Amino acid sequence: MTWNNAGMQSLIPVTNKVQDVLNKAGSSESFELPRIAVVGGQSSGKSSVLESLVGRDFLPRGNGIVTRVPLILKLIQDQTEFARFQHKEDKIFTDFDQVRKEIDDETMRITNGSKNISSTPITLEVHSPHVLNLTLIDLPGIIKIAIEGQSEDIEEQIRDMILNYIKDDSCLILAVTPANQDLANSDALKIAKEVDPEGNRTIGVLTKIDLMDKGTDARDILENRGACPLKRGYIGVVNRSQKDINEKKNIKYCLDQEKKFFAQHPAYRHLTNKHGTPYLQQALNQQLMEHIRDSLPKFRKSLLQRFADVEPEALKYLSQQFDDRGESKMLTTRNKIVQQFIHDVEAAIDGSCSQIVSTKKLTRGAYINRIFHKKIPAQIDLANFLTPEMKRKIQITIENVHGVHVGHFIPDKAFRIITKELIESLRFPAQNCVKLVASEVSTTIKEAAASIKTYPRLRNEIEKIASTELLEKEKYAKTQISFMFDCELSYMNTNHVDFNAHDGQNGRDGLMVRPNQDQNHLLRDAIEHDELYDPEYPETERIDPLEAEELEVNADSLEAKKVLGLVNGYLPIVTKTIRDLVLKCIMLVVIDQLIGFLKAELLVRLDREDKSVLMEESELEVELREKTLREYEAITEALETINKTNMVKLDMSAKSTFQTFEAPETSRTEQNESYRETEELFD
Ligand SMILES: Nc1nc2c(ncn2[C@@H]2O[C@H](COP(=O)(O)OP(=O)(O)OP(=O)(O)O)[C@@H](O)[C@H]2O)c(=O)[nH]1
């Protein structure tokens with residue numbers, strides 16, 4: 001058997017290298033060549049044309065509708081030559097007569113042995129070192145009348161099937177018309193026009209020129225001067241006749257006969273260079289080149305986009321790679337990872353450290369900020385302390401302080417007891433604030449550690465050291481805060497500059513309680529003028545006598561009000577101080593000291609571990625890294641290959657073989673722009 005698709009070979013170096021490189025790397029990018037669908041009336045010679053294009057004699061041929069199901073023929077460039085059907089994946093065909101038989105058998109199976117057609121395609125892969133990766137489709141011929149045993153609407157079914165394949169803009173249409181029929185009635189041209197009215201992707205193929213009536217010729221059509229001119233013109237071919245097939249004449253022999261036919265025929269002698277199967281191959285070749293030329297810039301853009309996606313990951317992997325024979329390189333890698341981890345933790349908390357500021361997601365630092373300024377003030381809050389329960393406590397405390405005696409002075413002791421109890425009630429919420437921030441810092445540590453993908457042991461160790469230290473810091477901060485509470489509880493500083501006897505609002509009628517002042521007198525005045533009650537806290541107003549009765553204690557007593565005034569004036573000082581110090585303590589211990597620890601101690605602690613164990617790579621990550629690096633290299637190579645392609649030369653060679661094909665202007669400009677982009681990238 002002889003292969004005769006040499007015309008397509010010139011495309012192999014570029015497209016196949018690009019396809020190969022990307023396929024091998026398992027890249028998601030792939031450069032697809034367009035499908036070529038062969039359409040035409042029944043027995044117009046479609047399968048014969050297709051076979052000539054492939055250069056292989058393996059398709060069923062004969063009278064009647066031979067092609068009754070679509071045949072999707074995938075040509076795949078490979079080292080060895082064989083065929084394989086999708087429906088029989090395990091079987092390898094090396095004998096192409098067997099391929100023909102299998103197509104026949106499968107057609108019968110699909111159509112249940114009837115004479116009907118089916119849209120269920122047969123998919124056949126032909127692997128060969130001589131083909132270009134390309135998909136060709138042989139379709140059933142368009143018929144006019146159903147014969148016995150065929151569905152009434154078979155004509156419509158065939159039309160729909162053909163249209164379904166050729167409607168895709170990237171599909172090249174070979175409209176096959178026999179020369180011994182009137183062109184104006186060509187089914188192929190009619191159906192092609194429906195989907196490609198401009199004729200941009202339709203090539204007219206005139207078969208059976210050798211069978212034309214004596215005294216007639218197809219010269220006008222072949223010179224594109226006939227009744228139905230096509231933008232891309234017509235190409236005349238002389239395929240093997242049924243007799244040739246029966247006599248098993250090979251394709252090489254028939255191609256020689258075809259050449260002789262054109263050379264010797266007086267009407268076509270001057271057209272020998274523009275017709276015949278080899279020329280059709282060249283024309284198709286040019287179409288494909290044009291497609292490549294037009295789609296390369298777009299494809300390159302998409303490759304560049306993928307390159308931009310893959311590059312940062314790849315560079316990260318490359319920077320983390322080390323030669324495991326060299327311990328110092330291993331250490332350098334480890335140290336780099338640790339530095340990066342510390343930087344990531346710091347950057348996530350301290351926004352100013354971060355080079356890239358997200359506009360979509362809050363960072364941990366921003367969350368901590370919310371805890372500082374929203375949650376902490378809300379948790380350390382005694383504004384609503386005056387519950388009925390507290391009123392009752394105040395009165396009972398006062399009465400207990402007096403005991404058997406009748407009290408005439410402000411019960412200072414009761415004030416201290418009540419205030420202490422209230423301050424104490426803040427201890428747990430204040431410590432809880434440490435927990436809230438620590439939990440955010442813990443998440444920050446986990447997130448930063450998660451990016452150490454290649455070395456899971458190192459990642460775990462770093463996370464463990466940092467998290468353990470965070471726990472220590474959390475504990476320590478809680479102790480410090482507890483100490484702060486102890487300080488607050490040890491002394492009620494009623495000499496504080498901010499202390500206001502009724503509610504801490506300075507300047508309100510000058511109602512400041514100072515030592516050596518007559519507190520009883522001031523308070524009495526205040527009560528008379530109804531100034532001890534804060535309108536913001538209605539609970540501080542006079543206690544409902546009914547409620548008082550329920551309590552069975554006189555919570556509305558003058559003394560209770562005096563104590564309330566003192567408590568109310570003192571609490572804001574305490575909450576203000578505690579809020580401020582809790583926040584500062586958390587910042588110092590849980591954040592600053594932790595980061596300080598990471599900077600000073602993390603490497604020291606890691607040094608205690610076995611380096612080679614710590615730097616063991618994760619299998620999954622190794623796989624991912626290799627895949628990423630493979631794709632990175634493949635895309636780089638593919639881009640370089642495309643960049644080296646001499647598009648002008650490619651275009652010139654295309655033009656010299658098939659003058660009527662014009663390339664759209666815009667694609668050239670786009671192409672140059674894209675080249676510039678690519679060149680810049682690789683400069
Ligand atoms: N003499 C001569 N015979 C041809 C030519 N082209 C095709 N034939 C013959 O015409 C018959 C039909 O050819 P096919 O290639 O099977 O036609 P088809 O369009 O694929 O047929 P269907 O798939 O059945 O529609 C075969 O016997 C071919 O040998 C040609 O250029 N010259």
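Helices, which I take as H or I runs of at least four residues, and strands, E runs of at least two, are DSSP runs numbered from the N terminus. I keep in mind throughout that this is a predicted model.

Entry on backbone angles. I began with Asn 224, which lies in the loop between helix 6 and strand 8 (234–236). Its phi is near 60 degrees, a positive value in a residue other than glycine, and I noted it because most residues other than glycine have a negative phi. Asn 224 counts as partly exposed, at 23% relative accessibility. I then turned to Lys 208, in the loop between strand 7 (202–207) and helix 6 (219–222), where phi is near 55 degrees and again positive in a residue other than glycine. Lys 208 is partly exposed too, with a relative accessibility of 25%.

Entry on helix 8. This helix runs over residues 251–264, and its 14 residues reach 20 Å from first C-alpha to last, close to the 20 Å expected at 1.5 Å a residue. I listed its buried residues as Ile 251, Cys 254, Leu 255, Glu 258 and Phe 262. They cover an arc of only 105 degrees around the axis, so they sit on the same side of helix 8. At the start of helix 8, I found a side-chain oxygen of Asn 250 within 2.8 Å of the backbone nitrogen of Tyr 253.

Entry on cysteines. How many disulfides does the structure hold? I found zero disulfides. Cys 254 is buried at a relative accessible area of 9%, whereas Cys 228 is partly exposed at 23%.

How values were computed: Residues numbered from 1 in each chain as written. Predicted model: local features only at pLDDT ≥ 70, side-chain atom pairs only at ≥ 80, totals over all residues. Heavy atoms only, no water. Disulfide = S-S within 2.5 Å. Buried < 20%, exposed > 50% of the residue type's maximum accessible area, 1.4 Å probe, protein only. Expected span 1.5 Å × (residues − 1). Arc of directions from axis to C-beta. Polar contact = N/O pair within 3.5 Å; in protein donor to acceptor, adjacent residues only side chain to side chain.
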